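Hi,

Here is the structure I said I would pass on. Have a look at it first, and my notes follow below.

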Amino acid sequence: MLTRRTALKGVAIAAVMSWAPITLADELKLPREHVDLVAPPFVHRHEQATKAGPKIIEFRLTVHEKQVVIDDAGTKMWAMTYNGSMPGPMMVVHEGDYIELTLVNPETNTMPHNIDLHAATGGLGGGALTHVNPGEQTVLRFKATRPGVFIYHCAPEGMIPWHVVSGMHGAVMVLPRDGLKDGDGKPLHYDKVFYIGENDFYIPKDENGKYKSYDSIGESYSDTMDVMRKLIPTHVVFEGKVGALTGKNALTANVGETVLIVHSEANRDTRPHIIGGHGDYVWETGKFNNPPERDLETWFVRGGSAAAALYTFREPGIYAYVNHNLIEAVELGATAHIKVDGKWNDDLMKSISPPGPIPPAKLGAVTSGGATIAR
Amino acid sequence: MLIALKIKAAALGVAVSVPLLATALTPGSPPRPDETVALAAASFGYRAAGDFSRGGQPIVSPLLVVRASGLVIMKNQVTAGEYAQCIRDGACPKLALPVGRQDVPMVGVSWHDATAYATWISRKTGRSYRLPTDEEWTFAAAERAHDEALPLVDPADPARAWLARYETEAARGSAVIAAPQPTGTFGVNSKGLADVAGNVWEWTNSCFQRLSLDGSEERITSVNCGVRVVEGAHRTYMTDFIRDPRSGGCAVGAPPSNLGFRLVIAPSNSVVTDAIRAVAGRWRHGA
């Protein structure tokens, strides 16, 4: 570190400096709790309803810029991440708590970063106060005043969309102090939370149509911007990679278990659907002061928001959780699988006649052109 | 309105300067390393670049009076025609060149692209070219350098400094003409440099810094060389790989219309920094 003694003798300082007493960093007399964050699709331990009073909950997010593989073909992308994952981890607090977030931009990074939390009020969601260069960190405290699921994302001036579609987004869940409720005020509980972060990626191609890779994040910038401006993603994925939540990475649940699925997309609209299931209670806009909608087949997540859906699995088997733009789900990657264990319920579904040959026509019947005509 | 007047005034200068330049800079003409301006040693006011704080609160950056020991700097911004030769030699990235006149400033260049050109022309001419430091640019820009100190505000309320900055940025307006204009369009400053603070901003070699001032101690708390100082009609800070500056989102006002550059022929150290060092005499490393 270089220390320069500004020699007032030689180098005149003409400007009058403002001088303010240093305000105490912590005038809040509230209990503190430090929470270690967990990489998605999982979420750190938390109470669903609490009898305790408001707290200051401390979280730490460290920005990592790194090259990642985003599909099975080995396509590489320079990702910008909070805590190394796409999406960044979910932070869970209760309404009235204070979130005290330490944002770290390690020296090994190349770019300035910040954070805009949609759950926060003022200061561009914190973006105006959290600009950190490589080698810097900052601490922001904000009050969680509105219950719901909210996204957060990086928002550096002039470069916001690029940072966001490079992976810099995550979610905050602010639970009502007395927990989730249905439209009649009846408490709702979940056994687990899956946090699904959807990313739209824009990977440049070379003249032969092959995806390009770059030696540094800076070198990828202008080509990536050109693809982004056409608004057609090359990949639409959950958890940062095609197949991040399928096969051996598939999510698991049991029949009778209730899962809260939080789905966020920081940039683009999407429409989650559980193939073979429903949304029992869905806060489509993600805000818990509104009564949840019931029995939904597909719900709409507006770009720049998060939604929450509560579902109790009733049948075992494999469920596909997709963005029901099926081109995006199947061709571009937006598919997750949930393996559900338990006992099959014949009342809900039963195979009366398994697929087999079409039985011969009844005696006296003549088939013509595929239609059966009784004589 | 102010901007419009400025362009109008500059347009008057075109009639005088363009015919001369048209002969000097025909498309594809060799680089003219001789077309430089030698500035005599002088003292000048310099608003330090970077973010300054005291006791953790943002403050106005100090206005320094510094002495430069002399500087040799290009009269013109590097033109598209000149940059094209570096591309042809394979030493500069294949950037888009303008169609038509090549005697316009080369724009759409990043700090890396500008540095590649400096390396190439140094090798070509045997002279040591580099981008100016921010202090050197301010020295050469003379009356066209803008001192945009923000007003003093209540440091306990972050919104006040922020609103003040917004007002300043919004008041800048945008350049009437966005497209790069033929060299000389924006006239010559008192030091003989053409097109300073026209519609092409210039990269400098100075890194973005945060500094804290406590008593007479000035301490650099962080240096980010991924972000460089860019100079022109206003000073700004740009990530080094940006070629096409954008505003939008939370930023207001016009970003630089174009990013270009001019180079200095100089010893490897900044002449101005040396001057500060000589005057201050008490720089220290460590601690």
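To start with the contacts: in chain A, 73% of those with a separation of 6 or more are between residues 24 or more positions apart. Keep in mind that this is a predicted model. Chain A has 375 residues, and 41% of them count as buried.

Next, the cores. The largest nonpolar core is made of 88 residues, and Ala171(A), Val172(A), Met173(A) and Val262(A) have the most contacts inside it. The biggest contribution to this core comes from strand β20 of chain A (residues 305-312), which supplies 6 residues.

Four strands of chain A form an open sheet with mixed pairing, in the order β5-β10-β9-β7. At its edges are β5 (90-94) and β7 (116-117) of chain A; each has a single partner strand, so one side of each has no neighbour in the sheet. On the β7(A) side, the partner is strand β9 of chain A (residues 148-153), which runs antiparallel to β7(A) and is joined to it by 2 bridges. Which residue of β9(A) is the bridge partner of Leu117(A)? That would be Tyr152(A).

Cheers

Definitions and conventions. Residues are numbered from 1 along each chain as its sequence is written. Chains are lettered from A and ligands numbered from 1 in the order in which they are written. This is a predicted model: local features need pLDDT of at least 70, side-chain atom pairs count only at pLDDT 80 or more; totals for chains, interfaces and linings use all residues. Two strands pair if DSSP finds at least two bridges between them. A residue is buried if 20 or more other C-beta atoms lie within 10 Å of its own, exposed if 12 or fewer, and partly exposed in between; C-beta atoms are placed from the backbone. Two residues are in contact if their C-beta atoms, placed from the backbone, lie within 7 Å. A nonpolar core is a set of buried Ala, Val, Leu, Ile, Met, Phe, Trp, Tyr and Cys residues joined through C-beta atoms within 7 Å.
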